[in-house]
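Let's take a walk through this structure together. Have the sequence and the 3D view open while you read.

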Amino acid sequence: MIDEKQTSRVKKNFNCASIIYDMFEWLPEGRSLNWRERVWFHVPTGKVLEVGIGTGRNLPYHPDRIRVIGMDLSDGMLAKAHNYANRLNYHIDLQQMDVQQLAFADDTFETVVATFVFCSVPNQIHGLQELKRVVKQDGRIILLDHVRINKPIIGWLMDMLNVFTHLFGENINRRTVENVKQAGLKIESVTDLTRLGLVKLIVATKHDQAV
Ligand SMILES: C[S@@+](CC[C@H](N)C(=O)[O-])C[C@H]1O[C@@H](n2cnc3c(N)ncnc32)[C@H](O)[C@@H]1O
């Protein structure tokens, strides 16, 4: 079920955040080193959906061999992505949409990518099921996100703090790997990009891939 109230709160918050998003994101971006390269390097030729494209931070990493549709819940973020794409002279199809109810037919995309999106999607499992629906039978879903640290005290602290961050539409205690499985996807790989497993690169498929 979609929580309409929380979804519109997330939308409103990101519309506001879009004004300053790129100013504040330089810090994690600097530390992330090659995270975005790692996401896009392995995306094969074909049609790609970038979910929650935000202000377009991934645009410079899109390989030439792919055709991308970018979508986001927030008009404000999309407007920034549009401006950035213009500056890069990059013609990309950008659409306003909620990942919890995608307006695409089943089996449309070779690859679906989302970076730092599923921490704020109200019904994470429902959104992940939508990715499963729109990716092709032999396609891949690539997620880069921060998750709940699976350690007794830190995990508990994240649960406590989440009560506040949730009010701003941001969740810091998501069990995204478990939720990917719960959404019916098959995990192909999980790579820890930080100590304690805070940020993970998750690759999932619709079905078990033949070896
Ligand atoms: C933290 S930003 C990340 C943006 C970008 N992917 C990046 O890596 O910089 C999260 C983005 O997800 C979008 N988002 C949140 N919930 C969404 C939803 N239900 N459907 C589509 N986009 C959503 C937000 O509007 C925002 O642009």
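## Before we start

Two residues are in contact if their C-beta atoms, placed from the backbone, lie within 7 Å. You'll also meet burial: a residue is buried if 20 or more other C-beta atoms lie within 10 Å of its own, exposed if 12 or fewer, and partly exposed in between, again with C-beta atoms placed from the backbone. Helices (H or I, at least four residues) and strands (E, at least two) are DSSP runs, numbered from the N terminus.

Keep in mind that this is a predicted model, where local features need pLDDT of at least 70, side-chain atom pairs count only at pLDDT 80 or more, and totals for chains, interfaces and linings use all residues. Residues are numbered from 1 along each chain as its sequence is written.

## A threonine in a loop

Start with Thr-55, which sits in the loop between E1 and E2. Is Thr-55 buried or exposed? Thr-55 counts as buried because 23 other C-beta atoms lie within 10 Å.

## How the strands line up

Now for the strands, which pair if DSSP finds at least two bridges between them. Strand E1 (residues 46-51) runs parallel to strand E2 (residues 66-72), and six bridges join them. Gly-46 has Ile-66 as its bridge partner in E2, and Lys-47 stands opposite Arg-67 in E2. E2 is also parallel to E3, with four bridges between them; there, Asp-72 is partnered with Gln-96 of E3.

E1 pairs with E4 too, in the parallel sense over four bridges, and Leu-49 stands opposite Val-112 in E4. E4 in turn pairs with strand E5 (residues 135-146), parallel and over six bridges, with Thr-111 opposite Arg-140 in E5. How many of the seven residues of E4 are buried? Six are, leaving E4 mostly covered.

## Strand, helix, strand

Trace E2, then helix H5 (residues 75-87), then E3: together they form a right-handed β-α-β unit. Right-handed here describes the crossover: with the strands pointing away from the viewer, the path from the first strand over the helix to the second runs clockwise. E4, H6 and E5 make a right-handed unit of this kind as well.

The buried residues of H6 are Gln-124, Gly-127, Leu-128, Glu-130, Leu-131, Lys-132 and Val-134. What covers them includes E1, E4, E5 and helix H8 (176-182).

Helix H7 (residues 152-165) has 14 residues, and the number buried is one, so H7 lies largely in the open. The expected span of a helix is 1.5 Å times one less than its number of residues. For H7 that should be 20 Å, and its end C-alpha atoms are 20 Å apart, which agrees.

Asp-107 has a positive phi of about 55° although it is not a glycine. Look for Asp-107 in the loop between strand E3 (93-96) and strand E4 (109-115). Asp-107 is partly exposed because 13 other C-beta atoms lie within 10 Å. Phe-116, not a glycine either, also has a positive phi of about 55°. Phe-116 lies in the loop between E4 and helix H6 (124-134) and counts as partly exposed, with 19 C-beta neighbours inside 10 Å.

Where is Gly-197? Find Gly-197 in the loop between strand E6 (186-192) and strand E7 (199-205). Leaving aside neighbours within four places in sequence, Gly-197 is in contact with Ile-149, Asn-150 and Asp-192. With 17 other C-beta atoms within 10 Å, Gly-197 is partly exposed.
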